[in-house]
Amino acid sequence: MHQESTLKGIRVIEICNVAAGPFCGMLLADMGADLVKIEQPGTGDTLRSWAPITDGYSENFASLNRNKRSVTLNLKNERDQKLAAELIAQADVLIENNRPGVMDRLGLGYADMKSRNPALIYCSISAYGQSGPRSQEGGFDLTLQAMSGLMSVTGEPDGAPIKCGVPVCDFSAGLYAAFSIATALRGVALDGQGTHIDVSMLGATLGIAALQTSQYFGTGIDPVKLGSAHPRNAPYQVFRCESGYFGMAAGNNSLWKSVCAVVNRNELVEDARFLNPTDRAANQDALREILEQIFATADAEAWLKRFRDAGVPCAPINNYSDVLADPQVEHMEWVQDLELVNGAVTRTFVSPIRFDSRTAHVRLRPPALGEHNDEVLAEVRGEAIAHRAVPQTTE
């Protein structure tokens, strides 16, 4: 089985902007779904204007919109609303990330579409969910990192609130949405009934914070910022050495013994402060000082080699240029050439999921705005005519 064929024959309509919805759509398209992206004429997805721009084409947009076809429809126009409704009525899945209520006002809400297509899986992605006291509030990744508690555990203990450098709220919502759609497709195959999936960025970000929420539920105390350290384990953080920093994680007693052997301080194994992960976490400031005095005698490359040889998980503090050139990334074939609309060739990170030891290749380059208007609208009109003709033939 190849991942490009797992969702072959599934038609997905995407009415989304920027990150969460388009990422969800791309995950499904990578698995072989026929993804039709409906965009506003003239401007399209907001991400099309984001730098870096290569000969007039956004590489940010390209990174989230491979394997899709683009159709331009003005959803404020009645004729285009009807075309969109016809597309959705003939689809298996709709993904939208508008503010709750917008699709209803356009005549494209779940109730309207369900009446025409009972098997439709209708996935709505929003900041706070489709109902509730915050449902009408807008949100971006930054504001959801603040709202969700993520910023309260990110950064140095005495530092100002900072956001994670990766838009984790957007992308976790997209992942939850894609997983939920794949699950719902199984349900439709069993009973033919679609559903409305409500994915919120707030809920998704809390969902991936299981260790933090459980810590609060178990203790009644808010988790706090620890920099790169871990609240329940040590040594498990970034350490300073002669030439900068490196990361090392000894997550159990066996690995801790290996660390002691590497640094030639075997007596630390019997130190009452460091007998188990809980003790080491409680005394990790003292432990870090001891280890960093030793680490100051050699550079990161030397310590990484020693810890790797001893089987202790460790890693350099990579830039993206470093990790994208790593031999493991090359082996997995995750970085591949990607053609842009203008014929320029860039590179992109493809689906990291491998089926039968095979990495998928890009089937369709990211589309020009409205590139597939003629073929998709011809398809939908033809299908609509055929659909309407069936009852006449069978009566």
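Asparagine 264 is exposed, at a relative accessible area of 62%; exposed means over 50%, buried under 20%, and partly exposed in between (1.4 Å probe, protein chains only). This is a predicted model, in which local features need pLDDT of at least 70, side-chain atom pairs count only at pLDDT 80 or more, and totals for chains, interfaces and linings use all residues. Residues are numbered from 1 along each chain as its sequence is written, and side-chain values use heavy atoms, leaving out hydrogens and water. Helices (H or I, at least four residues) and strands (E, at least two) are DSSP runs, numbered from the N terminus.

- Asparagine 264 has a positive phi of about 60 degrees although it is not a glycine.
- The loop between helix 10 (253–262) and helix 11 (277–282) holds asparagine 264.
- Valine 18 also has a positive phi, near 70 degrees, and is a residue other than glycine.
- Valine 18 lies in the loop between strand 1 and helix 1, and counts as partly exposed at 22% relative accessibility.

**Cis peptide bonds**

- Alanine 51 and proline 52 are joined by a cis peptide bond, with omega about 5 degrees.
- Proline 52 sits in the loop between strand 2 and strand 3 (53–54).
- A cis peptide bond also joins alanine 234 and proline 235, with omega about -5 degrees.
- Proline 235 is in the loop between helix 9 (210–219) and strand 9.

- Six strands form an open sheet with parallel pairing, in the order 5-2-1-6-7-8; two strands pair if DSSP finds at least two bridges between them.
- Strand 5 (68–72) and strand 8 (195–200) stand at the edges with a single partner strand each, so one side of each has no neighbour in the sheet.
- Neighbouring strands here are turned by 20 degrees against each other on average, direction ignored.
- Six bridges link strand 7 (residues 121–126) and strand 8 in the parallel sense.
- Serine 126 has serine 200 in strand 8 as its bridge partner.
- Helix 3 (residues 78–89) lies across strand 1 (11–15), strand 2 (34–39) and strand 6 (93–96), at about 145 degrees to strand 1.
- Axes are lines fitted to C-alpha atoms, for helices over the stretch in contact, and angles run from 0 to 180 degrees between N-to-C directions.
- Helix 7 lies across strand 6, strand 7 and strand 8, at about 165 degrees to strand 7.

**Helix 1 and helix 7**

- Helix 1 (residues 20–30) packs on helix 7 (residues 168–191) at an angle of about 40 degrees, with the axes 8 Å apart.
- In helix 1, Ala20, Phe23, Cys24, Leu27 and Leu28 meet residues of helix 7 including Phe171, Leu175 and Ile181; contact means heavy atoms within 4.5 Å.
- Helix 1 is largely enclosed by the rest of the structure, because 10 of its 11 residues are buried.
- Among the buried residues of helix 1 are Phe23, Met26 and Asp30.

- Three strands form an open sheet in the order 9-10-11, with antiparallel pairing.
- Strand 9 (236–241) and strand 11 (314–316) are at the edges, each with a single partner strand, so one side of each is left without a neighbour in the sheet.
- Strand 9 and strand 10 (residues 244–249) pair over six bridges.
- Arginine 240 stands opposite tyrosine 245 in strand 10.
- Helix 12 (residues 284–295) lies across strand 9 and strand 10, at about 40 degrees to strand 9.
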